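Let's walk through a model together, one feature at a time. Have the structure open as you read.

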Amino acid sequence: MTWTLPEPMLSTPLPAPILRPGWAGEPKWDGFRALLHTDAGQVVLRSRHGTEMSPAFPDIAAAAVQLPNATALDGELVVWEDDRLAFERLQNRLQRRGAAAAQAAQDWPAHFVAFDLLRLSGTDTTAWPYQRRRAALESVFASWGLTAPWTLSPSTTNPDTIREWLTWTGFARGAARRAPRPVHAPIRAPR
């Protein structure tokens, strides 16, 4: 049976450093939500709406060799410029292909900020509780020695840490995930 990327689990906006019990907070990155899957040398980099983004981000696709085989990550593509997140540079990169995409990767390198692990070395982790997936994601970063463009998104249950994130340049808000939930049960913002 072929494994396919699931729909991304959406976070809940967090305008204040208040977490409900059982929730974890993360910075809200100003980028493109992306799912990445690598298996037997093949790389899929897909937007949350299903658009294939590998041609526009050859640097991220090439860096997938740093990951364990048959692994999938959920995260955010970002571009930094002058110590700030540069969404306009990221948008510009999305329109490029071929030599223009390669040049854009040199001019404005992208980073993949990972906040969830969906598959690990062929094991589907989407039914695991968030805490277990998060521990496994942290282990992948540590044991595989991942370097740029890979970035591990911070995660916390400490309101003081979230308050600090809300003061970072480029971060207008945080995001929350219900910690015990598996991926197949997305959280949506209350209306």
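**Reading the model**

A: Buried means under 20% relative accessible area, exposed over 50%, and partly exposed in between (1.4 Å probe, protein chains only). A word on the source: this is a predicted model, in which local features need pLDDT of at least 70 and side-chain atom pairs count only at pLDDT 80 or more, while totals for chains, interfaces and linings use all residues. Residues are numbered from 1 along each chain as its sequence is written, and side-chain values use heavy atoms, with hydrogens and water left out.

Q: What kind of aromatic pair do Phe 32 and Phe 87 form?

A: Rings of Phe, Tyr and Trp (its six-membered ring) pair if their centres lie within 6.5 Å; planes under 30 degrees apart count as stacked, over 60 as edge-to-face and the rest as tilted. By this rule the count comes to two aromatic pairs. Phe 32 and Phe 87 form an edge-to-face pair, with 5.3 Å centre to centre and 75 degrees between the planes. Phe 32 lies in strand S3 and Phe 87 in helix H2 (residues 87–94), so the pair ties together parts that are 55 residues apart in sequence. Helices (H or I, at least four residues) and strands (E, at least two) are DSSP runs, numbered from the N terminus. Phe 87 is partly exposed, with a relative accessible area of 23%.

Q: How many bridges join S3 to S4?

A: Two strands pair if DSSP finds at least two bridges between them. Here S3 (residues 32–39) and S4 (residues 42–47) run antiparallel and are joined by six bridges. One example is Leu 35, whose bridge partner in S4 is Arg 46. The two strands form a hairpin with two residues between them, and Ala 40 in the turn has a positive phi of about 55 degrees.

Q: Where else is there a positive phi in a residue other than glycine?

A: Most residues other than glycine have a negative phi, and most peptide bonds are trans. Ala 70 has a phi near 55 degrees; this residue is in the loop between H1 and S5 and is buried, with a relative accessible area of 8%. Ser 121 has a phi near 50 degrees and sits in the loop between S7 and S8. Ser 121 is partly exposed at 49% relative accessibility. As for peptide bonds, the one from Ala 148 to Pro 149 is cis, with omega near 20 degrees.

Q: Which residues have the most contacts inside the largest nonpolar core?

A: In soluble globular proteins, nonpolar side chains tend to be buried together. A nonpolar core is a set of buried Ala, Val, Leu, Ile, Met, Phe, Trp, Tyr and Cys residues joined through side-chain atoms within 4.5 Å. The largest one here has 28 residues, and those with the most contacts inside it are Leu 45, Phe 57, Ile 60, Leu 73, Leu 77, Phe 112 and Trp 150. The elements that give two or more residues to this core are S3, H1, strand S5 (71–81), strand S7 (110–120) and helix H4 (130–143).

Q: Is Ser 54 buried or exposed?

A: Ser 54 is buried, with a relative accessible area of 13%, and lies in the loop between S4 and helix H1 (58–63). A polar atom of the Ser 54 side chain lies 3.4 Å from the backbone nitrogen of Leu 45.

Key
A polar contact is a pair of N or O atoms within 3.5 Å; within protein, one must be able to donate a hydrogen and the other to accept it, and residues adjacent in sequence count only if both atoms are side-chain atoms.
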